[in-house]
Amino acid sequence: MTSRDDAVGAKAYFPGPKSENEAWVRAEFQAILDDWFDWRKSDRTGDPVAISRDDRLSAGFLAERERMSQELDTLKTLMRRETPTYSPRYAGHMVSELTLPALFGQLTALLHNPNNTSKEVSRVGTVIEAEAIGMLAEMIGYDPATARGHFTSGGTVANFEGVWRARYRLDHWLSLALWIAENTGEPLNVFEAAHMGWTRYAALVKQHAPDPDALRNCSAVAGNPADVFRRLSRAAGHHYLGPVVLVPASKHFSWRKAANVFGLGEEAFWEIGLDAEGRFDLADLERRVTEAEAAARPVLAVVSVAGTTETGEIDPIDRIADRLDQWRTERGWRIWHHVDAAYGGFLCTIPGGPHETVLQPATIAALKAVSRAHSVTIDPHKLGFVPYACGAFLARDADHYTVSVFDAPYLERPQISDDPWISTLEGSRSAAGATAVWLTGRTIGFAPDRFGALLAGMIRSGDVFRNEVLGDLDGVHVLEPVDANIVCFSLGTPGEALSAANRRTRALYDALCAAGDFVVTTTTLGSVNHRGQIGRHIARFDGKADEARLVLIRCVFMNPYWASEAIRDAMVPQFAATIRQALATLD
C-alpha cells in the first residue's frame, strides 16, 4: 500500500468518517439480510408457517410492532450520543474505526448465531474459527499447521487461558515428583521438579509406573491443595508456599485478577521492575528467579508485554526468550513464557516488510521473537479493528494447548477435542469475532504489505503529531521511547518542580477536554514502577523530582483516516491550534 493506487484501495476497507462508502455498505448489508432471509425460507419448504398473514395484520401484532419501533427509535437516539471513536479527531483510548470486512463478517455470523462451544451447533463457525486462528498464528510467527488456539471475549480471559495451561503442566510435573518422593523416600527439590519438562516426566512415569488415581491425589489442582502443600513441605523438608507468576510492573490489570481467580493469592504475583525506558528489566528477572529458587517457589510463568496499555512500550521479548532458553539448556528449567500482545500483536505484520523502518530495531527484534513464546494473547478488537468483544489465545502447538480433562485419568494428556468447550475457560462462545477476523484475513490479509501497511501508516501519523503538532511548542516533552502509535507528553519548563509540571499538564488536559475539538486521555506513571523512566523524562527539562508521579497526556493514533492527505492537512493545524489555545489559558 505504498503507491497512490494502493492507498486508494485501502480506503475501500473502511466506512469513511462521513459515511463516504454508504451506498456500497448499505448494499452489502442488504445483501447479507437478503441471504439470511432466503436461507430461512429455503429450509424445509414444506413445513408450515408459524406466523400467518392474519397474525401479522391483527391489532395486537401491529400494536406490539409499533411498540418495538418506538423503543428502537429511543435506542437509536441514545446511541447518537455515543463517543464517535471512528472520527480522526478521536485519539483517546485503544479503540477506533472498524474495517468493513470485520463489520460484514460480524453481521453475517450474528444473524446465523453459531455457538462455537461445539461442532454440533456450529458446523461452519468452528471451521472458520480454526482457519482464523491459523491466520493469527502465522501472523505472529507460529507454524499455522501445528499452532492451536481459540477466540475469547477479550485479553483478560486469554491471559487466564495462558495461566491455566502453564499451571496444568507445572502441576503434573510436581505431582509426579511428590508421588515419587513419598513412595521412594527420595529427597524432593520442589523448584527443579516443577520445571522438569515433559521428556523427563515421561521417563519417570515409565520408570515408576504410578497409579493415575494416586497421582491425582498428589495434585494441588485435582486433589486437596491444603493437604498437597502440607505433603510437599514434608517431602522437601521446608515450607512450600506455592508457585509465583513473574509479570512486569507495566502489566495489564488482568494479571492481578488471574492470581486471585486461580487461587494463587496476590502475594504470588511478583512484579519485574522496569528499566529507564519503561520496559521489562532483564536484570530484575535474574534477581526474581534467583529469589524464587532460594524460596523453593516454582515459576508458573514469565509474562512479557508487547504493547503496554498506558504508553505502548514493547518489552525485549527476544532477550527474555534468550534467557529462558539459557536456563533450559544450563539448568534444565522449563519455564513457561506468555506474551501479552493484546494491544501490540498485530504489529507483527510490520517486520520483514516494506514499512519495517517505522519501527526501531529493538522493537523489530522483540516482535519477531513473539513466536518463541509458549502462548500469546492478542485482541483483534484493538489493532485488528474488529467489533467488541473479540480476543484470542494462541499456543505454539497442541502440546502447549493441553489442559485438564476433568473426567480423564490424571496421566492422560489430551491434545485437542472435537468439542472446543473442553479446552476453553468459556463455555458458549460466539463465532462472530472469529468470522470478522476470518473475513479481514481473506480480504485485507495480515501480510506486511497489506495489514502491516495500514498499521505503519498509523505509526507515521503519531510521528506527524510529534513533529508537526508538538514539535514547535515550547515546554512540551514527549515521553520516550515511542515504540508504536501511542504518543504521551507532558509540560515542563527549565528547573520546574515535577509537582508544578504535573499540575500544569493536568490543567492542559482539562482545557483540551473543555475545548472538545479533539479527544485525548491522560495517564499517570508512579515512581515505584517507573522511577527510571520518570527521572529520564524530567531530566530533559532539568526538572526537580519533588513528587513520585508523572502526569501525561496520552494520544492513541490508530485512526486509519489520518493516512489521508486531506485529513492530515486539515487536522494537523487544527490540533496544533487547539493545543496552543489551551496552553494560553494556563498563563
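Over the ring of which residue does the charged end of arginine 89 sit? In this predicted model, in which local features need pLDDT of at least 70, side-chain atom pairs count only at pLDDT 80 or more, and totals for chains, interfaces and linings use all residues, that ring belongs to phenylalanine 518, with the charged end of arginine 89 placed 4.9 Å from its centre. Residues are numbered from 1 along each chain as its sequence is written, and side-chain values use heavy atoms, with hydrogens and water left out. A charge sits over a ring if NZ of Lys or CZ of Arg is within 6 Å of the ring centre and within 35 degrees of the ring normal. Arginine 165 likewise has its charged end over the ring of tyrosine 401, 4.3 Å from the centre.

The structure holds 22 aromatic pairs (ring centres of Phe, Tyr and Trp, the last by its six-membered ring, within 6.5 Å; planes under 30 degrees apart stacked, over 60 edge-to-face, the rest tilted). The pair of tryptophan 198 and tyrosine 201 is edge-to-face because the ring centres are 5.0 Å apart and the planes stand at 90°. Tryptophan 198 is buried (under 20% relative accessible area, against over 50% for exposed and in between for partly exposed; 1.4 Å probe, protein chains only), at 13%, and tyrosine 201 is buried at 3%. Phenylalanine 465 and phenylalanine 489 form a tilted pair, with 6.2 Å centre to centre and 50° between the planes. Both of these phenylalanines are buried. One aromatic cluster is formed by Phe14, Phe346, Phe385, Phe446, Phe451 and Tyr561.
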